[in-house]
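Please consult the sequence and the coordinates alongside the text.

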Amino acid sequence: MNALKKVKEWLKVGNRSLWVATAAMIVIGTIAICLVTPYVATTIGFSENSLILIYKYIPYLVLGVLMLIGCSRASKKFMLVFSYILCSIGCLFILMTMISPDIVAGTTRYVYLFGTINVDPFMLTLPAYIVLMSHWLSTEHHQNKKIWIWLCCSLLTLFIVMAAFNAPYMSMVVTYVMVFFMMSWVSRKNMPMVFYTSIVLGLGMLVMFGYSVATIPHMYTRLASMMYGTSYAVQSAHNAIHSSGLFGSTPESLHALTYLPDMANSFMFASIICKMGIVPGFLIFALYTWTSCLIQERIQAASLFNKLFAVGVLIVFVLGYFGNMSTSLGGIQYDSYLPFMSYACTNLLLYCIMFGFLLSNPEKK
């Protein structure tokens, strides 16, 4: 009991709890990817070298950890300069997907660089978007400058959301709209015009989505699949989870895993249960819940800038793990990645940057 008490006291000091939670997610995610990706490699025809996807993941993992440590030591000035550069690059990539579809892999969600690197520009832009929105909405401005801030916030959000809607990349549409609305709601006393714009944007996206569902057959089919989980992928996830043991894998769960599509991304939580068991899956859910509570604590005791940034990170984080778990368990279905644990390299870098900035105390540096 004394040892447990000392551990609790140690975790309460500074950012130690959030550091431990972040490190745990990275370690567990690396183990999960090492367990799952050999099945992916075999499925796509790399049976002779089933570790090829792990080898490709390692450079991103190393880069992500370095960015996490570097960003955790960043000042606010560095955060802003880095975010302006990253946002410019991300918006350029998004624009490329809109005007040059020949460089896009599959759909207009991704961009290929140098023929080998696959980048999701919407995810790449998220950390910079949250930092810049936090800065713009938290700074006191004269009335004339508030109009320019309102225009910048609104036009940047509208550009990204419309590009994501046309992709179609509905999970990113929901993510950006919710981040925009919640951050503007928190800062509504300082920037009321931005808050009203977020309401209009949310309603506009809802109307456009309703119109698309009513007029485009495949949109209606997709909505039905999201709500009722009738697709082949969902049924495969159900079979995989139902055949899993409490601890570790079973012959039945491994067999079911081979039929699970997108096993290392949208259905990563189901894949983890197949390989590790139901109890480890529950512990992973507990880890994500604990991390969410730690982020929420930062919202309650922070300056307006830090509060807004924590709000944005919390929304992205919760939507990520809730969507992946819901999709795997047969709830609401939408494309999402398990934070730090899915085989999505841009997603890994996204969370490393966000959590690095979250672990820093930029306004005191």
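The secondary structure of the protein consists of 15 helices and two strands. The model is predicted, and its average pLDDT is 80, with 81% of the residues scoring at least 70. Confidence is highest in helix H15, at a mean of 91, and lowest in helix H9 (residues 217-228), at a mean of 54.

**Overall packing**

Of the 365 residues in the protein, 52% are buried. Among contacts with a separation of 6 or more, 72% join residues 24 or more positions apart. The protein exposes about 17300 Å², and carbon and sulfur atoms supply 70% of that area.

**The loop between H14 and H15**

Helix H14 spans residues 304-329 and helix H15 spans residues 345-359; Ser-342 is found in the loop between them. Ser-342 counts as buried because its relative accessibility is 1%, the limit for that class being under 20%. Leaving aside residues up to four places away in sequence, Ser-342 touches Ile-33, Tyr-57, Ala-264, Asn-265, Met-268, Asn-324 and Tyr-337. With one of these residues, Asn-265, there is also a polar approach: a polar atom of the Ser-342 side chain lies 3.4 Å from the backbone oxygen of Asn-265.

Phe-340 lies in the loop between H14 and H15 as well. Its phi angle is near 70°, a positive value in a residue other than glycine. With a relative accessibility of 2%, Phe-340 counts as buried.

**Aromatic pairs and charges over rings**

A search of the whole structure finds 14 aromatic pairs. In one of them, the ring centres of Phe-340 and Phe-355 are 5.3 Å apart and the planes meet at 80°, so the pair is edge-to-face; planes over 60 degrees apart fall into that class. Because Phe-340 lies in the loop between H14 and H15 while Phe-355 lies in helix H15, the pair ties together parts that are 15 residues apart in sequence. Phe-355, at 0% relative accessibility, counts as buried. Both phenylalanines belong to a cluster linked by ring pairs, whose members are Tyr-288, Phe-317, Tyr-321, Phe-340, Tyr-351 and Phe-355.

Charged side chains also lie over aromatic rings. Lys-76 lies over the face of Phe-305, 4.4 Å from the ring centre. The charged end of Arg-188 sits over the ring of Trp-185, at 4.3 Å from its centre.

Leu-92 counts as partly exposed because its relative accessibility is 47%, and Ile-89 falls into the partly exposed class at 36%. Helix H5 (residues 121-138) includes Ala-128. At 0% relative accessibility, Ala-128 counts as buried. Apart from residues up to four places away in sequence, Ala-128 touches Ser-83, Leu-86 and Cys-87.

| Pair | Separation in sequence | C-alpha to C-alpha distance |
|---|---|---|
| Leu-92 and Pro-121 | 29 residues | 8.6 Å |
| Ile-89 and Thr-125 | 36 residues | 7.9 Å |
| Ala-128 and Met-354 | 226 residues | 8.8 Å |

Technical notes. Residues numbered from 1 in each chain as written. Heavy atoms only, no water. Helix = DSSP H or I, 4+ residues; strand = E, 2+ residues; numbered from the N terminus. Buried < 20%, exposed > 50% of the residue type's maximum accessible area, 1.4 Å probe, protein only. Polar contact = N/O pair within 3.5 Å; in protein donor to acceptor, adjacent residues only side chain to side chain. Contact = heavy atoms within 4.5 Å. pLDDT = per-residue confidence, 0-100. Phe/Tyr/Trp six-rings, centres within 6.5 Å; stacked < 30°, edge-to-face > 60°. Lys NZ or Arg CZ within 6 Å of the ring centre and 35° of its normal. Areas by Shrake-Rupley, 256 points an atom, 1.4 Å probe, with all protein chains shown as cover.
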